[in-house]
Amino acid sequence: MLALIATIPIILTIILTVGLNMAAKKVLPISWLAIVIIGLSYWGMDFQHIAAYTVMGFLSSFDVLFVIFGAILLMNTLTVAGAMKRIEGMFNSISKDARIQLVIIGFAFSAFIEGAAGFGTPAALCAPLLIGLGFPPMAAAVSCLILNSTPVSFGGAGTPTNAAIAAVVSELPAMEINIDEWILALSFLTALGLCAGAFFIIFLVVGLVTKMFGKNKSFSEAMPVLPFCLFAAFVFSATALPIARYIGTELTSLTASAVTIFVLLACARVGFLMPKTVWRFEDKKAAAKSAEDKNNFQMSLFKAWLPYLFISLWLVVTRIPQLGIKPVIQSFSVELNNLLGVANAAWSFKFVNNPGIFPFIPAIIIAVIIYGLNGEQISSIVKKSVNQCSGAFIALLFGFALVSVYRYSDANSAGLVSMLIAMASGMANFAGTNYFYVSPFIGTIGAFMFGSNTVSNVMFAPLQFETAKILELPTLLIVALQNQGGAIGNMICINNIVAVCATTGISGVEGKLIRTNFIPWFCFYVVIIITALAVLHFGILPK
């Protein structure tokens, strides 16, 4: 009974989000109100504790909110300045073969945009670029949604994985776990499953495109680029895995995708692993227009890429443990204790260590200076960024507040365990030893509901962590599966599908996109489970 009552806010969230198609920015405040009512009426909490844990949740969301705003602000700055158009122009000349363009732009460049900004920007940028190269809008939408899976857990300078860490990190000291080692191990395990999926998902997408949109409707027309697809996955994985294991979350997708882009561009220019015959869509008009647009723009590539180069360099220098800079920047913090007079309600914000502040803000200042943007343009960029982020801000504020009340609801007069523990116990009893296979599905459900791997991790990583403890499963692996499930959930997430349909001008086909993307999602799900089983079988679970 306790577990069922504790689940009411989540059930309400699912009903409002999936059943009534309400936005997360409206749903999560309602769900927070539901847990407040349950806390006061059934759990025996007092208003002071609920208010303190709500404030604690609001403040805890700042780490994520700053990154989102900084990333979107930079992206809009580059777009207004024309730098993004110049970067797009670079890709227009890589190859006339649509399959090669799909791998480099749909996977590698999309992964870079995900690593730098995240939060729906890859589809918004890459889908129109593919359309400009001659892709049918539906093909561009399908490709961008499916391929934007491998890099997602490390999107926005590692925001989703960092959100999962923030959601469970307070439990680690009591378990005598080294926090820094646990974080690096979680980063590595998350990357391992997602990189394993890259070895099949890239080729699968190319095959879907040739089968669904090619003149001959043949999956076999993807076979000539199989070696190139596997090579792309290898380059990405060979870069991402060591970064994830030894440096951390912020650089994984950003650096791996940048390396992959330039390696694949070099391969295309010298003809390495290129197919013998060029495969194109029938319509050449869009590609011709895109090439014309490219020729009309003269910004140097170095100037266009400079803000991203600065960000990459900053993150590399400050995140490599051997350089000893990370402890220094982490020493700058704002701390609040005894919030509203409650002893265990506290908040700490390491502002110099937050990517949304450093390096995104200096990168934006550099961009404004080198691109010569005026006051009117800057004002427009800021307003647009605020409008884009406002929905995510509200959702994350109340999402963190909801989780905070869930976790600390053991501060009650009824002598009950926290609602989080009650739910975890219920799930453990229900799923038992099969919970291992259910864990990624919960992550996907979170992404499906909220349109974000980050929000999925905020909501469900603590639940998964506690359930793993009860079932005596490796907490590290279960949280990694949650993180991976949220990443691949982006393929079938309602919010992302609606956004990409609007971007590509094909609104009304959302149901078809979900049906098309379901099989790739399921295949990726199986790969994640197999990879996790291999980790357990071969004893390579990081300590």
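This report walks through selected helices, salt bridges and surface features of the structure above.

## About the model

The model is predicted: local features need pLDDT of at least 70, side-chain atom pairs count only at pLDDT 80 or more, and totals for chains, interfaces and linings use all residues. Residues are numbered from 1 along each chain as its sequence is written, and side-chain values use heavy atoms, with hydrogens and water left out.

## Helix α10

Let's begin with helix α10, which covers residues 179–213. Helices here are DSSP runs (H or I, at least four residues), numbered from the N terminus. The expected span of a helix is 1.5 Å times one less than its number of residues.

Most of α10 is covered, with 26 of its 35 residues buried. Buried means under 20% relative accessible area, exposed means over 50%, and partly exposed lies in between (1.4 Å probe, protein chains only). At the start of the helix, a side-chain oxygen of asparagine 178 comes to within 3.1 Å of the backbone nitrogen of aspartate 180.

## Salt bridges

Side chains of opposite charge can pair when their charged atoms come close. The cut-off for a salt bridge is a side-chain nitrogen of Lys or Arg within 4 Å of a carboxyl oxygen of Asp or Glu, and the whole structure has 3 of them. In one, arginine 99 meets aspartate 97 at 2.7 Å, N to O; both residues are buried.

Another joins glutamate 181 and arginine 245 at 3.8 Å, N to O. Glutamate 181 belongs to α10 and arginine 245 to helix α11 (residues 226–246), so this pair ties together parts 64 residues apart in sequence. Glutamate 181 is partly exposed at 36% relative accessibility, while arginine 245 is buried at 18%. There is also a bridge between glutamate 466 and lysine 469, whose closest N and O atoms are 3.6 Å apart. These two sit 3 residues apart in helix α20 (residues 453–471), a separation of about one helical turn. Glutamate 466 is buried at 5% relative accessibility, whereas lysine 469 is partly exposed at 32%.

Asparagine 76 is found in helix α4 (residues 62–81) and counts as buried, at 7% relative accessibility. Its side chain makes a polar contact with the side chain of serine 385 at 2.9 Å. Such a contact is a pair of N or O atoms within 3.5 Å; within protein, one must be able to donate a hydrogen and the other to accept it, and residues adjacent in sequence count only if both atoms are side-chain atoms.

Helix α8 (residues 137–147) is mostly covered too, with 10 of its 11 residues buried. Among the buried residues are Met138, Val142 and Leu145. Cysteine 144, also in α8, is buried at 1% relative accessibility.

## The N-terminal residue

Methionine 1 has its place in the segment before α1 (2–19). With 70% relative accessibility, methionine 1 counts as exposed.
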